Protein chains: 2
Amino acid sequence: MTGSPNIARLAAPLADPARARMVMLLMDGRAWTVTELGQATGLTKASASEHAARLLDAGLLTAKRQGRHKYLRLASPAVAHLIETMMALAAPDQPQSLGPRDPALREARLCYNHLAGALGVQLYASLSTRGFLAHTPGGLGLTARGHAFCQSFGLTEADLAPARAPLCRDCLDWSERQSHLGGRLGRLLLARMESQDWLRRRDGSRALTVTPVGRAAIAQVFPPC
Amino acid sequence: MTGSPNIARLAAPLADPARARMVMLLMDGRAWTVTELGQATGLTKASASEHAARLLDAGLLTAKRQGRHKYLRLASPAVAHLIETMMALAAPDQPQSLGPRDPALREARLCYNHLAGALGVQLYASLSTRGFLAHTPGGLGLTARGHAFCQSFGLTEADLAPARAPLCRDCLDWSERQSHLGGRLGRLLLARMESQDWLRRRDGSRALTVTPVGRAAIAQVFPPC
DNA sequence: GCCACGGTTCGGCCTGGACCGAACTTTGCC
DNA sequence: GGCAAAGTTCGGTCCAGGCCGAACCGTGGC
């Protein structure tokens, strides 16, 4: 029992409502400054700074100084995955299809750095049923046909090359309770859709706007099955 | 932000070392009494009882009274999955191949109610590469060939019928950092292997003993790929 | 009925830590 | 250099909650 992983050390930083809110804000995948997080959570700079230090210390966030700003991000996709898992479990226990809460958030949103929500689940399902994704011993992977598809979608050979970070990752969507695509490929696909103006980020929200052109294009490229 | 899931409420019960230890003990999938948990964690009955109440209150555990005993279990596979995810992230950050800590635990152990460790990962990989598992929109599923295989292994039609709880579930192994099989099927396969005396539980540990006969049989039925 | 045992509740002690205002440091801007 | 803004540190207050021993309640065994 001595050498076992210390869960409490990981849970304690997340056990405070203010820090939990910070982490949820950071789930948009962007970098926030300490004061921004303070304002968003209704705390003074002092408190926000202390909370940020605690999250950094636990390895849940990384910081990067730029001039007099300090930008905070989630430390890794693995951390984002943990948060998403917790959100899925902590989510008010259905049926909340009745209360749409924030319909935009349910339809399409950022999950750290990839697409989540109904649209993210649709994309995953589309890729999966067309045989582009396969579950291999090493985790979720791209099939040869999936590889070709991604290239036709504008990704490069280099994008899809093996690397330390997993290319595909299975991420449980907290609103849909189904898988969507994370990992490097999730990030790349999102970036490509943004650069083609199919999706646009909004300020102050994780929700993504689907442009009319994007809606049509997505339905064609990632047809629901 | 108001209607978003409350992570802190989920993290707080896990933020205490004693409660974290309790939850880890319960990862063996068995039911423990309050005093057993108290003894195992070095606390008095009073403290153990308070901790248990807190975990119950958070919905992480369920309790069942039997006579003057109160048996505690993890509330659901989803909870077990969360704990496993946290263990994977909290695990001392490699390379721990050097320190085998507990080799038996690494080779084969219980993860809530299914097989984990190197053997669990091998089993998953074997099923996966032989095309018995497939990733569908609704999550991990059993293919037609996988279905046939399971029946040949002694599972019944009823076992494999659709139900509310997912049949297959992808569970990240904290020691191997790869997937192993959870869900109802994970539980059923483990039960079958136990009933054939391929695996045996040990007292006071999550580690499983692989019998000589089991070792041979597993290599044949679930050949490493 | 009596006792033993599992579990809970209570009171008291004490520590951790959440929060703030204020002072301080660093950086960028002019 | 002077000023403003970002962030940290410090001192102080306050409360949640972790821990225990002791008293208490229910159940089972005799």
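# Reading a predicted protein–DNA model

Tutor: Start with a turn. In chain B, S2(B) and S3(B) make a hairpin with two residues between them, and B:Gly67 in that turn has a positive phi of about 60°. Strands here are DSSP runs (E, at least two residues), helices are runs too (H or I, at least four), and both are numbered from the N terminus.

Student: What kind of model is this, and how are residues named?

Tutor: This is a predicted model: local features need pLDDT of at least 70, side-chain atom pairs count only at pLDDT 80 or more, and totals for chains, interfaces and linings use all residues. Residues are numbered from 1 along each chain as its sequence is written, while chains are lettered from A and ligands numbered from 1 in the order in which they are written.

Student: How do I read a sheet, and what is the strand order in chain B?

Tutor: Strands of a sheet pair through backbone hydrogen bonds, either parallel or antiparallel. Here, two strands pair if DSSP finds at least two bridges between them. Chain B has an open sheet of three strands, ordered S1-S3-S2, with antiparallel pairing. Its edge strands are S1 (32–33) and S2 (61–66), and each pairs on one side only.

Student: How many bridges join S2(B) and S3(B)?

Tutor: Six bridges, in the antiparallel sense. B:Arg65 has B:Lys70 in S3(B) as its bridge partner. B:Ala63 stands opposite B:Leu72 in S3(B). On the S1(B) side, two antiparallel bridges link S1(B) and S3(B). There B:Trp32 has B:Leu72 as its bridge partner, and B:Thr33 has B:Tyr71.

Student: What is the strand order of the open sheet in chain A?

Tutor: The order is S1-S3-S2, again three strands with antiparallel pairing. Strand S1 (32–33) and strand S2 (61–66) of chain A each have a single partner strand, so one side of each has no neighbour in the sheet. S1(A) is joined by two bridges to strand S3 (residues 69–74) of chain A, and the two run antiparallel. A:Trp32 has A:Leu72 in S3(A) as its bridge partner.

Student: Which domains does chain A have?

Tutor: First, the idea: domain bounds come from an automatic or database domain assignment. Chain A is divided into domain 1 (7–75) and domain 2 (78–221). Their C-alpha centres lie 24 Å apart. Seven residues from domain 1 and eight from domain 2 make the contact. Two residues are in contact if their C-beta atoms, placed from the backbone, lie within 7 Å.

Student: What classes of residue are on the domain 1 side of that contact in chain A?

Tutor: That side has five nonpolar, one polar and one charged residues. Nonpolar covers Ala, Val, Leu, Ile, Met, Phe, Trp, Tyr, Cys and Pro; charged covers Asp, Glu, Lys and Arg; the others, Gly among them, are polar.

Student: How do I read burial, and what share of chain A is buried?

Tutor: A residue is buried if 20 or more other C-beta atoms lie within 10 Å of its own, exposed if 12 or fewer, and partly exposed in between, with C-beta atoms placed from the backbone. In chain A, buried residues make up 42% of the 225 residues. Helix H2 (residues 17–26) of chain B is mostly covered, with seven of its 10 residues buried. Among them are B:Arg19, B:Met22 and B:Leu26. The buried residues of H2(B) pack against helix H1 (7–11) of chain A, and against S1, H3, H4, S3 and helix H5 (77–90) of chain B.

Student: Which residues touch the most other members of the largest nonpolar core?

Tutor: In soluble globular proteins, nonpolar side chains tend to be buried together. A nonpolar core is a set of buried Ala, Val, Leu, Ile, Met, Phe, Trp, Tyr and Cys residues joined through C-beta atoms within 7 Å. The largest has 123 residues, and A:Ile7 and B:Ile7 touch the most other members. Leaving aside residues up to four places away in sequence, A:Ile7 touches several residues of chain B, including B:Leu14, B:Met24 and B:Ile83.

Student: How many residues surround DNA strand C?

Tutor: A residue is near a strand if its C-beta atom, placed from the backbone, lies within 6 Å of it. For DNA strand C there are 21, and A:Ala46, A:Gly67, B:Thr35, B:Ala46 and B:Ser49 are the closest. H4(B) gives the largest share, six residues. By class, this surface has seven nonpolar, seven polar and seven charged residues.

Student: Which element gives the largest share of the surface near DNA strand D?

Tutor: H4(A), with five residues. In total 20 residues surround DNA strand D, and the closest include A:Thr33, A:Ser49 and B:Ala46. The surface has six nonpolar, seven polar and seven charged residues.
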